[in-house]
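I opened my notebook to look through a new structure, one entry per topic. Here is what I am looking at.

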Amino acid sequence: MQISLDIPIFQDSLEVMEVLEEAGYEAYFVGGCVRDALLNRPIHDVDIATSALPYEVKDLFPVTIDVGIEHGTVLVRHKGQSYEITTFRSEGDYKDHRRPDSVTFVRDLREDLLRRDFTINALAVDRKGRVVDYYDGLGDLKRSCIRCVGRPIERFEEDALRLLRAVRFQSQLDFTIEASTLDAMREKAKSLSYVSVERLTNEWHKTLLSKHYQQALNTFMSTGLYQACPLMKELKSAILHLIKNPIFFVDEADAWTTILYLAQLDSSYTTQLQKSYKLSNKLVNGIKHRLKALRALQDGEWTIWDIYQYGDSFKWVIPLAKQLLPEFHHESAIDMYQNLPIHSKKDMAITGNDLLKAGYRGAEIGNFLDRLERAIVIDKIMNDFESGMDWIARNNRDGGNSKL
Ligand code: ATP
Ligand code: MG
């Protein structure tokens, strides 16, 4: 079987592969890029595997960086671009269900492909576009099937992350999981708890953000994988709801907001969530704001000032609210948001500098700006220089703490 390498991301790498081959080594595209090329899916990066040992790769290229040399990966700089080149390797025993105790460099592509997780990820392509397929990855691609290379139980025992990778690929590719692989997932589900949180969260997020997460979440629940993930007992009802009524998520914050909302948990729960899944502060703040905005919309207890304050979160939450709150009259809220005279302090016609120039001093500047901001949003004071200055002067005369 032959595939076309006529896309820039492959073409760019051919020269580097030629250098390796001319020196007497083998070089192949491997892994996700081959799978995605065969499926006509976008390719985001290419992995190159070679029979050359890391020091032999380094001898061939003037500029290299040892990004993961103990695992055989060298970053090669060539004509202003970077290429990750990994020596064929086989893996030693796995004692902790997450990483091999040792890796051994080998000269044989077949052995390198044997250590890979699924047959669809164990395909290679040479620089002429010829596909190398030792484990019937092509057949499984045709059948839309996720199947372990070798004996599933052993493969999941070696590295428990593969359990969740199967789920993630199901979500991304809309594939089914082959029966003996699925049985082994059920049997080994508990060992997912050996996986580091960072790797787990990464796969979990990819699962939620991919198109076919309904089937994937179904596998996640029915195999019992969910029981090995933090906090899933509390979140179970939400996941079951999503399997029946999928909601489209733009990003991770959207997904978590929806899950917490459906599980009827409030934003104080994000502290536990952050700890258990090692979520970034930025993500957790996003979840908190969106959850708050969503709740306010649900209760119908929002004012124009709320809408202004939710700002970006409000924009994010509208598509979610449309899906989660069918009775919600989003038009009026969207209209209100779009018709706001300003959308943030940055839009105000008057700045602190203007007030300084006009002779105001110290804390009163911030105080006046805050109050003018509210006046523009709530009382529809015109957002231009004259009206603003006039309003401040009037309120200053009143002693600065009138009605607002
Ligand atoms: P993505 O589109 O997410 O990059 P990918 O298949 O390229 O998908 P990577 O995590 O980039 O996934 O890994 C590259 C390749 O390395 C895989 O295609 C697979 O062959 C192999 N691989 C990655 N993780 C594992 C693992 N945990 N066990 C076995 N093989 C793995
Ligand atoms: Mg990849």
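**Entry 1: the cores.** Before I start, I need one term: a nonpolar core is a set of buried Ala, Val, Leu, Ile, Met, Phe, Trp, Tyr and Cys residues joined through side-chain atoms within 4.5 Å. I also note that this is a predicted model.

How many residues does the largest nonpolar core have? I found 120, and those with the most contacts inside it are Phe29, Phe220, Leu235, Trp256 and Leu297. Helix H15, residues 304–324, gives the most to this core, with 10 residues. Apart from it lies another core, of 12 residues, including Tyr28, Ala49, Val106 and Ala122. I kept a general reminder beside this: in soluble globular proteins, nonpolar side chains tend to be buried together.

Next I picked Leu235 and looked up what it touches. Leaving aside residues up to four places away in sequence, Leu235 is in contact with Trp256, Ile259, Leu260, Ala263, Leu265, Tyr269 and Leu273.

**Entry 2: the sheet.** In what order do the seven strands of the open sheet lie? I read E3-E4-E5-E2-E1-E8-E9, with mixed pairing. Strands E3 (64–68) and E9 (131–132) stand at the edges with a single partner strand each, so one side of each has no neighbour in the sheet.

Then I went through some pairs:

- E1 and E2 run antiparallel and are joined by four bridges; Ala27 has Thr50 in E2 as its bridge partner.
- E1 (residues 27–30) and E8 (residues 124–125) are also antiparallel, over two bridges, and Val30 stands opposite Ala124 in E8.
- E2 and E5 pair in the parallel sense over three bridges; the bridge partner of Ala49 in E5 is Thr86.

Which helix lies across E1, E2, E4, E5 and E8? I traced helix H1, residues 8–22, running at about 145° to E1.

**Entry 3: two positive phi values.** Most residues other than glycine have a negative phi, so I looked up two exceptions.

Asp174 has a positive phi of about 65°. I found Asp174 in the loop between helix H7 (161–173) and strand E11 (176–177). Asp174 is partly exposed, with a relative accessible area of 37%.

Lys278 has a phi near 50°, also positive. Is Lys278 buried or exposed? Its relative accessible area is 54%, and because the cut-off for exposed is over 50%, I wrote down Lys278 as exposed. Lys278 sits in the loop between helix H13 (270–277) and helix H14 (281–299).

Conventions: Residues numbered from 1 in each chain as written. Chains lettered and ligands numbered in written order. Predicted model: local features only at pLDDT ≥ 70, side-chain atom pairs only at ≥ 80, totals over all residues. Heavy atoms only, no water. Pairing = 2+ DSSP bridges. Contact = heavy atoms within 4.5 Å. Axes fitted to C-alpha atoms, helices over the stretch in contact; angles between N-to-C directions. Buried < 20%, exposed > 50% of the residue type's maximum accessible area, 1.4 Å probe, protein only.
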